[in-house]
Amino acid sequence: MSDKKDLQIASGGLARRSFINTAALVGLTAGVAACTEKPGSAAAPAAPTPAAPASAHASAGAATHLKPGELDTYYGLWSGGHTGDMRVLGLPSGREITRIPCFVPDALVGWGITNESKAIMGTKADGSLKYTVADTHHTHASYKDGNYDGRYAWINDKINSRLARIRLDYFVCDKITELPNVQGFHGIFPDKADPVDPAINYTTRVFCGAEFSIPLPNTGTEDSTKYRSMFTCVDAESMEVRWQVLIDGNCDLTATSYDGKLAATNQYNTEMGAKYEDMMSAERDACLFFNVARIEEAVKAGKFKTIGTSKVPVVDGTLEANKDPKTALTAYVSVPKNPHGVNASPDGKYFICAGKLSPTATVIELSKVLEWFDGKLEKLDAAIVAEVELGLGPLHTAFDGRGNAFTTLFLDSQVVKWNVDAAIKFHGGDKAAKYVVDRIDVHYQPGHINASQSETKAADGKYLAVGCKFSKDRFLPVGPLHPENEQLIDISGEKMVLMADHPVRGEPHDFIIFKRDLVRPKQVYNLDDSPLAIKDPKESGVVRNGKKVTVKITSQAPAFSLREFKLKKGDEVTLILTNLDKIEDLTHGFAIPNYNVNFIVNPLETKSVSFVADKPGVFWCYCTHFCHALHLEMRTRMIVEA
């Protein structure tokens, strides 16, 4: 770890990293010491490689600045954090291209305003949104043949236990599922193949881990012995919940094997404690593996129960019920205390768990886990083929496809590059194996990390992105709330090279990076996508059925099909708008003053809104999205008679 002047606090005193590390280590020293102790002699880490000089890092920055009109090579899908959306970036530029609203209303596109979006988000009996807050953490995309296939992406809402699906042809959210029986739903990962049928070499399931334990059913009891967590399987197409597994411990992140046979979650609080001191009492936690085929056989055979009003099948995956390997549905591999991240290597051989409170990463060989399930491995922990020291506060890991892993060190404010095979050799007794390849300082306290195509068979080792939880002195100050810092690193050579900083509003989490040719976004909607589509301006008009009124309008730059429409006070109105423009990028908006209505329609798209005409007067409805030289004149009058 290098000491640099630019890490000093602005007022001149203790370096910020030193301050945070000192404060954190006061509380963590005992935990780190306990977690690193293992039976037998503990191996010393390979000698760390000094961080590359700052001047070398800065020299690569120009590569992120594309020429006017030049397109990025990669897409990045980022969680939006508390904004409840998904961010779409271009890389290596780091330019934010768009945001895809999911769980929280969005005023630009009218998400949470239109009837179509409200139906996806979920509403109460009175038609209002069920939830208006969210906390998105993790996003992953669908697979085929071990690579992304450009169909779907998924993102979670930790607060309200929801899973959203994004269509990558239109880059829109099309379904949201609320998971039953869980709270604090956190890690997600789609499967990459079917666990039984090798012909199904694409994503059919999405696995979801619940972070908080609750009473089942949730009766509000203080007795924490009745609390349990769940691991959930959601159907990738229908977005219906297939099954759940009752487990010991809390779930953090999720991973899946390339052959589809195993899903896993790294776990903390295997003690099932409800208070901090109880959560920290065990010496080690676990990486919990799920035998997907066996679970689905058990469900098919009726070996499940249901909880409360939910009809979702729940099988028993607790440690006590799964001691016999030949019938076990789950397998608990022990890892150092409080792991934070489980990631699948591109060669399909390993899952890597980072220690967080232990300075180690644990490499678990998946073939050995399968051997245990087959009764061919006596001790499950024999699946651990390496447990090596990397630095202070290891969290998440990415890969370059050349045998190297990249792990964030939260307390050291670094990314460490290490070779997996060398780590296995070192763990096996070859003390000459130098597994640490390089280190680089990042700014500051890095959390999530990912590389281009990292968790696919096509990992290409070009770029690495890292999300830093604090930015401190990296950007212009904007008051007490600082942005977070997303940094881009060139990993194409032996040494990592810091390329760029990007401020981002807090608090985003995970992300994926994939080549742009893996998706083929559509620029214009199919008019028949909506059953409400108004296919000819002549169909426009007002249809009254008592107090229920339907207003049909089309838009073609620079005019709406109705110059005005009349309503009566108290009318229950549904307004349907179809954009009949067929030209790429010719989007229209529709806003009604004083009625809380504003939404957009893309070319050949149809949307609708419903409201009560409770305010008499003249209201100029206008196009909110610039569309034509006569854009300002694109209006219609809504006249509400008293």
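1. A salt bridge is taken here as a side-chain nitrogen of Lys or Arg within 4 Å of a carboxyl oxygen of Asp or Glu. By that criterion, a search of the whole structure returns 33 salt bridges. The model is predicted, so local features need pLDDT of at least 70 and side-chain atom pairs count only at pLDDT 80 or more, while totals for chains, interfaces and linings use all residues. Residues are numbered from 1 along each chain as its sequence is written, and side-chain values use heavy atoms, with hydrogens and water left out.

2. Arginine 87 and glutamate 96 form a salt bridge whose closest N and O atoms are 3.0 Å apart. Arginine 87 is buried at 4% relative accessibility, whereas glutamate 96 is partly exposed at 39%. For these classes, buried means under 20% relative accessible area, exposed over 50%, and partly exposed in between, with a 1.4 Å probe and protein chains only.

3. A further salt bridge joins glutamate 178 to lysine 130, with 3.0 Å between the closest N and O atoms. Glutamate 178 belongs to strand 7 (residues 172-178) and lysine 130 to the loop between helix 3 (115-121) and strand 4, so the pair ties together parts that are 48 residues apart in sequence. Helices (H or I, at least four residues) and strands (E, at least two) are DSSP runs, numbered from the N terminus. Glutamate 178 is partly exposed, at 35% relative accessible area, and lysine 130 is partly exposed, at 40%.

4. Aspartate 438 and lysine 495 meet through their side chains in a salt bridge of 3.8 Å, N to O. This pair links distant parts of the chain, 57 residues apart: aspartate 438 lies in strand 25 (residues 436-441), and lysine 495 in the loop between strand 28 (484-490) and strand 29 (497-504). Aspartate 438 is buried at 0% relative accessibility, while lysine 495 is partly exposed at 41%. Elsewhere, salt bridges that share partners join Asp191, Asp194, Arg205, Asp235, Arg242 and Glu296 into one network.

5. Strands 26-27-28-29 form, in that order, an open four-stranded sheet with antiparallel pairing; two strands pair if DSSP finds at least two bridges between them. Strand 26 and strand 29 are the edge strands, each pairing on one side only. On average, neighbouring strands of this sheet are turned by 20 degrees against each other, direction ignored. Strand 28 and strand 29 are joined antiparallel over seven bridges, and glutamate 484 has valine 504 of strand 29 as its bridge partner.

6. Strand 31 (residues 541-545) and strand 32 (residues 548-556) run antiparallel and are joined by five bridges. In this pairing, arginine 544 stands opposite valine 549 in strand 32. The two strands form a hairpin with two residues between them, and glycine 546 in the turn has a positive phi of about 65 degrees.

7. The second largest pocket has a volume of about 450 Å³. A pocket is an open set of points on a 1 Å grid over the protein atoms alone, where a 1.4 Å probe fits, with protein on both sides within 12 Å along at least five of seven lines; lining residues have an atom within 4 Å of a point. Of its 25 lining residues, His340, Lys356, Leu395, His396 and Phe410 lie nearest the centre. Strand 26 gives the largest share of the lining, three residues. The lining divides into nine nonpolar, 10 polar and six charged residues, where Asp, Glu, Lys and Arg count as charged, Ala, Val, Leu, Ile, Met, Phe, Trp, Tyr, Cys and Pro as nonpolar, and the others, Gly among them, as polar.

Key
Points joined across faces, edges and corners; volume = space filled by probe spheres on them. Axes fitted to C-alpha atoms, helices over the stretch in contact; angles between N-to-C directions.
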